[in-house]
Structures are given as structure tokens and as C-alpha cells.
Amino acid sequence: MLVFFLHGVATSNAQYGKSLSDLVRDEFGKRNQALPNFCFSFWGSMLKETDKIWNGIREELQRQALENPEFDSQDSFRYQDFREGYFSHFVGDAFTYLNLERGKKIRENILEQLRDFLSQYPRETDLHFVAHSLGTAILWDILFSERFEPNDPALKIREMLNGLEPVTLNRKVLLKSITTMGTPIAFLNIALGINQEAVRKSLDFHNLNELRWLNIINPSDILAYPLQPLMNGLQLEQILIEDKYVEDEPNATEKALREISNQLLEKVAGNFVGIANPQIKKALSYVPILGGAVDSHQWYWKSAQVACLIADNFLGAKSCLVEVISRIEKVPGMTKLFVPFKPKNEDLLLIARVMDESLTEIEFRDRSGKLRLTKNILNIHHIYLFNGKEICEFAGYVNFFNVEILNKEIRAIKRDHY
């Protein structure tokens, strides 16, 4: 198994993906799977336009201050840290790639690195892409765009992904999965102009049986957007796209700013000035963004939860919750209970937590849900499986003769999914 990483903006270290790849290796080890081989594609040294621009801006501000002693650069050109930060890098690097000449050089770089990677592992046939931020848009462009000249590196990359061939300079591999993280494709595609028909043509060209595409979204990442809207109305058996909204605690700064913002909003709500000027409320609600935007956009690289999802995508595995439900249903003597309604099954929660004796509780490692095993006063063992939002997806019980079989299966589930 070959895994090819594509990084995003403001990346200066060619080992940017090591933390995540180590976590993925750990996941494969837990599942007794052969470890993947990784390559961290790198072209960050080619994206230097933003630094040049800011050097010029700083020189201009210094010149203004020398010519006018009353000139205050921080007041006359406000929010410099924010301007020069991640937002500036994103815009600058994105426009650098969209430049025809420089974008082609980046694709040439990716092509050569992919060739070298494949040549190192001549016996491997399956390729998986993992891309982040701007890298997701570059991958989207390489795979589906119709804007390229016949000699563009993107077309050579597509040829390499079109089935299998003997080991040659342009040997071919099978594209098995794509994982995107923090992707702005939905908006950059306005400039790229890739339509659904172009996606269809490319997938037909590759003769894919099924391409798994997992798109991971951190709730605080303002550069991360779903991919499904780009595919609305496109019925394709070759590709399965899943937008995964990953629940994550905000960092300490964002959390603190959110609490402060909520307190201020409560005060403004009863204040005449706040009522008269609703823009104050809107501005306060945006305050937490300042504390979480950059951190959440980089969060994917060090998340064990993301690594678990990526491993599932590589292996074509279902979520832990789906897998566990399937296993529990097969336990001998299992009788499924009717779940009367979905939203917040308070009655089941009450039974599982209060009325019955709690025996076991397992939260699945991919955070897709949890398992609760209870015993009532008649010594009947009940099992409940809840999703990540505490909604019961399965409820059942076994008779006395099958309790040990159930307990054995739960021990195995804990080993495999905890």
C-alpha cells in the first residue's frame, strides 16, 4: 500500500506529515495490517510570493514613518498580524498555483516525486492520496480539470493512475482512496471551473470500480467545506464521497474567547446600544474565530481520530459503530428491541444509566459512538449502542444461556474498537 501526501499553504518542512503517518501506522498495527509506505510530496519552497510581498509592505511602512513622524503604521495599517498570517499565506499561495506557469512547475514537481515514490516500491499496486488545504485543490485540479495543454504533468499523472502496467518509467497503479482535510475546493473550484461532467469523464477514463473519498471537516476550521454540494445530481457508481464532520474540542484560546463572547452577548442583549446596533452582536459572535482558525486548520496532522478515519478509508472499513452493530446482531439468542423514536431516546438512556446495573461502557476509538451493557433485576443483560450524539441505534437483550457468549463478544469488541 502506497500513501502520497500533498500539503497545503505555509508549509516549509518536508516532514510535515510525519506525526499523522506515525498515528496511521499505529492504527494499522492495532488491526494487524501490513504497514503502508508513505511519501510526503513537497513543493513549499516554490511558494515564496507571499513572503516577498510582505517584505515590500514592511519597507513601505518604514518609508512612510521616516517621511512623516506622525505616521503610526499599526494604526494606519491595522491588524497586521492577521493580514500577514494564515489568511495572507492562503490567498498568496492559492493565486501562485493558479498562475499558469508556476502552477505547471508545481505539478511537475508532484509528478517527479510520485514517479520516484512508485519506483521505490515496484511490487506495490494500490495508491492512496491524503491532501490538506490548498493541496486538496491541487489534487482536484490534477485529477479532473480540462484546462491543461496536452503536455501538462497533470495528464501524465492521470496516465499513471489508469490501471496496472509492468515496471517502467511511467508505470501505473490503482487509485484506491482519497482523503481530504480542511479543503477549500468548493470555493477554489470557482476559479478552476471543473464541472460535474469533467469529473464523470475522468472517472470513466480510470475505469475505477469504486473510489472511496473521505472529506474530513473540523468544526472550527473556516477553510474546510463539504464536497457533496459539488456532486449534487451526479450519480456515479465509481466514487463514494463522504463528508465527515469531526467533533473536536476547541483549543484553550478559542474556548476562552467563546465564553467571553457569550458573556458579552448576554450583556448586549439587554443593552439599548446592542439592540439598536445588531452589528455589535454579530461582531462579538465572530471573536472566537481569532483563537481557533489557524490551530483548527492544522489540527488534522496530529489527531488520532483523523488517523483512525484515514485507516478506515484506506482499508475500506466501516465505522466502529456500524461494525459493532453487525457483530452484536449475530450473537446467538440476541433479541432486538424496537427503538420507538430517534431524537434523544431519553427512556433508553434512563434505563441504561439509572434503572439497570451498568456492567460495561465502551467508547469507540473513532468516536462514532459507544456501547453500554446493563443488567436488570431479573439478571437479563441488555445492550445499547449509541451514536456520537447519544441517539440509540441498536437495543437488544440475550437470555441467561447466552450471556457468556455476549460477554466474550464484547471483550473482543473492546480489543478491536476501544
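Leu6 stands opposite Ser41 in strand S2. This pairing belongs to a predicted model, in which local features need pLDDT of at least 70, side-chain atom pairs count only at pLDDT 80 or more, and totals for chains, interfaces and linings use all residues. Residues are numbered from 1 along each chain as its sequence is written, and side-chain values use heavy atoms, with hydrogens and water left out.

Strand S1 (residues 2–6) is joined to S2 by 5 bridges, and the two run parallel. Strands are DSSP runs of E with at least two residues, helices are runs of H or I with at least four, and both are numbered from the N terminus. Two strands pair if DSSP finds at least two bridges between them. The open sheet holds 6 strands in the order S2-S1-S3-S4-S5-S6, with parallel pairing. Its edge strands are S2 (37–41) and S6 (239–245), each pairing on one side only. Neighbouring strands are turned by 15° against each other on average, direction ignored.

Helix H6 (residues 100–120) packs on this sheet and touches S1, S2 and S3 (126–132). Contact means heavy atoms within 4.5 Å. The direction of H6 makes about 160° with that of S1. Angles run from 0 to 180 degrees between N-to-C directions, with axes fitted to C-alpha atoms, for helices over the stretch in contact. Helix H15 (residues 304–315) lies across S1, S3, S4 (174–181), S5 (211–217) and S6, at about 170° to S5.

Strand S2 is mostly covered, with 5 of its 5 residues buried. Buried means under 20% relative accessible area, exposed over 50%, and partly exposed in between (1.4 Å probe, protein chains only). Asn37, Cys39 and Ser41 lie on one side of S2, and Phe38 and Phe40 on the other.

The whole structure contains 19 salt bridges. Each is a side-chain nitrogen of Lys or Arg within 4 Å of a carboxyl oxygen of Asp or Glu. Glu27 and Lys30 form one of them (3.8 Å, N to O). Both lie in helix H1 (residues 18–30), 3 residues apart. Glu27 counts as buried because its relative accessibility is 5%; Lys30, at 56%, is exposed.

Glu146 meets Lys201 at 3.5 Å between the closest N and O atoms. These two residues are 55 apart, with Lys201 in helix H10 (residues 196–206). Glu409 and Arg327 meet at 2.7 Å, N to O. Here 82 residues separate Glu409 in helix H18 (residues 403–417) from Arg327 in helix H16 (residues 320–329). Arg327 counts as buried at 17% relative accessibility.
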